[in-house]
Amino acid sequence: MAHRDLSPSRHVHATITERGGMLLDVRGRGRWYVLTPPGARWWHYLTEGASPDEAADRVAAYYGVPADTVRDDMRRLGRQLADRGLLKTNTSRRKRWRP
Amino acid sequence: REDYAAPQLVELGAVPAVTLGRYAEDSDQGR
């Protein structure tokens, strides 16, 4: 999976705080997920339009830890979220032209 | 500042139907 241009799926409702995040997937019967604070912060930056690596760099700056470490961690988290359909990959931001 | 730790995603399971409808109505991401 390409790790660029990830964004929250439309069927996911998130409540993000300094203490972590709650994600609700409203498909089917609905499923709850919890994100620990670093992941919740990364999710928040994604919702602001940051790329996954940009968001990871901001998390790294917040905690004062190496960006490479956080990028690796967030790539792993991104795969977990995408596998569950909580994040979607935006392959292109350009709309297709139709005559 | 709190220490950094690798992020964790924990699945809590299914949601009761009544809660689901109520929460979806009430939940501005990141407010």
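Buried area is the accessible area (1.4 Å probe) that two parts lose on being put together, summed over both. The model discussed here is predicted.

Q: How much area do chain A and chain B bury between them?
A: The loss is counted over both chains. Carbon and sulfur atoms carry 58% of it. The total that chain A and chain B bury is about 2700 Å².

Q: How many residues of chain A are in contact with chain B?
A: Contact here means heavy atoms within 4.5 Å. Chain B takes part with 22 residues. On chain A the number is 34.

Q: Which element of chain A gives the most to the side that touches chain B?
A: Several elements give two or more residues to that side, among them strand 2 (12-17), strand 4 (31-35) and helix 1 (37-47) of chain A. The top contribution is 6 residues. It comes from helix 3 of chain A.

Q: How many nonpolar residues does the side of chain A that touches chain B have?
A: Charged residues number 4 on this side. Polar ones number 8. The nonpolar count is 22.

Q: What is the bridge partner of A:V34 in strand 1 of chain B?
A: Strand 4 of chain A and strand 1 (residues 9-14) of chain B run antiparallel. They are joined by 5 bridges. For A:V34, the partner in strand 1 of chain B is B:V10.

Definitions and conventions: Residues numbered from 1 in each chain as written. Chains lettered and ligands numbered in written order. Predicted model: local features only at pLDDT ≥ 70, side-chain atom pairs only at ≥ 80, totals over all residues. Heavy atoms only, no water. Helix = DSSP H or I, 4+ residues; strand = E, 2+ residues; numbered from the N terminus. Nonpolar A, V, L, I, M, F, W, Y, C, P; charged D, E, K, R; others polar. Pairing = 2+ DSSP bridges.
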